[in-house]
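Student: Please show me the structure, and let me ask about the terms used for it.

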Amino acid sequence: MTLDFRGFERDSSDDSISDISDHSDMEPEQMSDSDDANENETIEEVQNKSDEENDSSENDDDDDDVIRAIKQEKNKQRDHPPSIKCEDFIVDISLHPVKNIIALGNIVGDVLLYEYSNDETKILQTLELHIKACRDIEFDADGVNLFSTAKDKAIIATDVETGQLKQCIENAHEEPVYKLRTLDENKIVSGDDNGTVKLWDMRKQDAVFSIKVGEEHVSDMITNDAQKYLVCSGGDGVLTTIDLKGSKIYTTSEQYDAELTCMGLFRTDTKLLVGSSIGKFYLFNWKEFGYHSDEYIGQKHSIQCMIPITQNIVVSSGEDGTLRAAHMFPQRQLGVVGQHSLPVECLDISHDGQYIASCSHDNDVKFWNISYFESIDSLIDVSHKQNKKRDMVNNLPSSSVQNASDFFSGLIS
C-alpha cells in the first residue's frame, strides 16, 4: 500500500534464455541430418514470415497516415517550457484559462504562481493561504479569481492580479475538503473526506445547500455548460449525480468494485469517462449515470487523473508515473506522452491547447507539448482494429521513451 498526500491509502516472467547447441562433438552424419532439418525449418520460417507479412500488409496500409503523422511530428524540434522543480510536495496544479500562468498548491498550504514560456518558467508570487496542506486549486473561467481549499477545511478566493484575499470561509466543512470545482466567478462546489458536497456563493458565508452523497471522500466532480447536473465520483465506488437546480440527488449508480478517481467529458459533453483505482475506464452517456455503457482496460495501475485533449482523445496517468494517450472512439492506445519517476497526482491543459502540465511525487511539474494531437485525431480510422505489435514502434513525439514496448508493458492485455 502507498499513501497519497491527501491522506488516503492506495493499492499499489523470468526472461527465458535459449541454449545454443554445440555441434563440435557430433558425428558428420548427425551434423548433416541436423543441417538438413535446420535448412527445412528455415525455409518454412521464411515462407511463414512471408505469409504473415502479406496478411498484415492491408492493415498496415490502413494506418499509414496515422503512423506517418506521428513520425513526422517526432522528427520536429519539440518546444515546451522547462520543468519547475519545487522544494515542497505539489498536491495540485491549475493552468490559467487565458494567460501563460500556472498555479501550484503545495503541502505546506502555499499557492505558487509561475509564468511559463518555451524558454523559461519564472515565479510571479507566493500566496501563503492555508495553515495545512492544500488539497485543490482552481481558476475561474476568466482567470480573475483563484479558489483554493486545504486540509484546514477553509475555502479561499484570491484575486489573481493583486494576490489579495477576496473571501475566506473557515470551517467550510466538518471534514477536510478534498475537491472543489468552479461554476462561475462566484459559485463553486466542494466535496469533503466524508462524502458531503456543498454549493457555495462566495459572496455569502453559508452554503446554498449541503448534500451527503457517500460515506467516503468525494474524489472528483464535474458538470457541463448547462450546469444542471453535478456528477460526483467517490472513494466508495459510487457515482452520484446532483440536480443543481433542484438541490437534490438526481441518481446514484451501482457500486463499482474500486474507487472512482477522476472524470472527463467528451463528444461535446455527451460522453462521460470515469477512471478507477484498478486501471479501468467506464464510459457513461450524459444523463444516464446509473450504469456505464462501455468499459475499457487502461493499465495495470490506478488511474489517478485524466485530461481530455480532443473530443476523442484522453491523456491519463497515475501510480506508475507514465502519461498515456488513448483514443476513445474507437478505443485505441496511442502511446506515451511523457513520464515521471514517481506517481502523478494531477494533469491540466493550457488555454491554447498546446501543453499539458503534470505534477508528481518527485516534486516536479513538467510540461508536454501535445499540439500534434489535433492532426492525429483526424486520421484515426474508426473501422480499423488496433495491431499493438505494429503500433509499438510508433511513439508520440513528446515522449522520451525510445522503445514503445515500455508503453504497452504497463497495460493489461
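Tutor: Here are some questions and answers about the labels used for this structure.

Tutor: This is a predicted model, where local features need pLDDT of at least 70, side-chain atom pairs count only at pLDDT 80 or more, and totals for chains, interfaces and linings use all residues. Residues are numbered from 1 along each chain as its sequence is written, and side-chain values use heavy atoms, with hydrogens and water left out.

Student: What makes up the secondary structure of the protein?
Tutor: Five helices and 30 strands. Helices are DSSP runs of H or I with at least four residues, strands are runs of E with at least two, and both are numbered from the N terminus.

Student: What is the order of the open sheet of four strands?
Tutor: The order is β12-β13-β14-β15, and the pairing is antiparallel. Two strands pair if DSSP finds at least two bridges between them.

Student: Which are the edge strands?
Tutor: β12 (177–182) and β15 (209–212), as each pairs on one side only. From one strand to the next, the twist averages 20 degrees.

Student: How do you know that β14 and β15 pair?
Tutor: Count the bridges. Strand β14 (residues 196–201) and β15 have four, in the antiparallel sense. At least two are needed, so β14 and β15 pair. Leu199 stands opposite Phe209 in β15.

Student: How many aromatic pairs are there?
Tutor: Nine. Rings of Phe, Tyr and Trp (its six-membered ring) pair if their centres lie within 6.5 Å; planes under 30 degrees apart count as stacked, over 60 as edge-to-face and the rest as tilted.

Student: Why is the pair of Tyr256 and Phe284 called edge-to-face?
Tutor: Their ring centres are 6.3 Å apart, so the rings pair. Their planes stand at 75 degrees, so the pair is edge-to-face.

Student: What does this pair tie together?
Tutor: Tyr256 lies in the loop between β19 (248–252) and β20 (260–266), and Phe284 in strand β22 (residues 280–285), so the pair ties together parts that are 28 residues apart in sequence.

Student: Why is the pair of Tyr372 and Phe373 called stacked?
Tutor: The ring centres of Tyr372 and Phe373 are 4.8 Å apart and the planes are at 25 degrees, so the pair is stacked.

Student: Why does Tyr372 count as buried?
Tutor: Buried means under 20% relative accessible area (exposed is over 50%, partly exposed in between; 1.4 Å probe, protein chains only). Tyr372 has 1%, so Tyr372 is buried. Phe373 is at 1% relative accessibility, so Phe373 counts as buried.

Student: How much of the protein is buried?
Tutor: Buried residues make up 53% of the 413 residues.

Terms used: Axes are lines fitted to C-alpha atoms, for helices over the stretch in contact, and angles run from 0 to 180 degrees between N-to-C directions.
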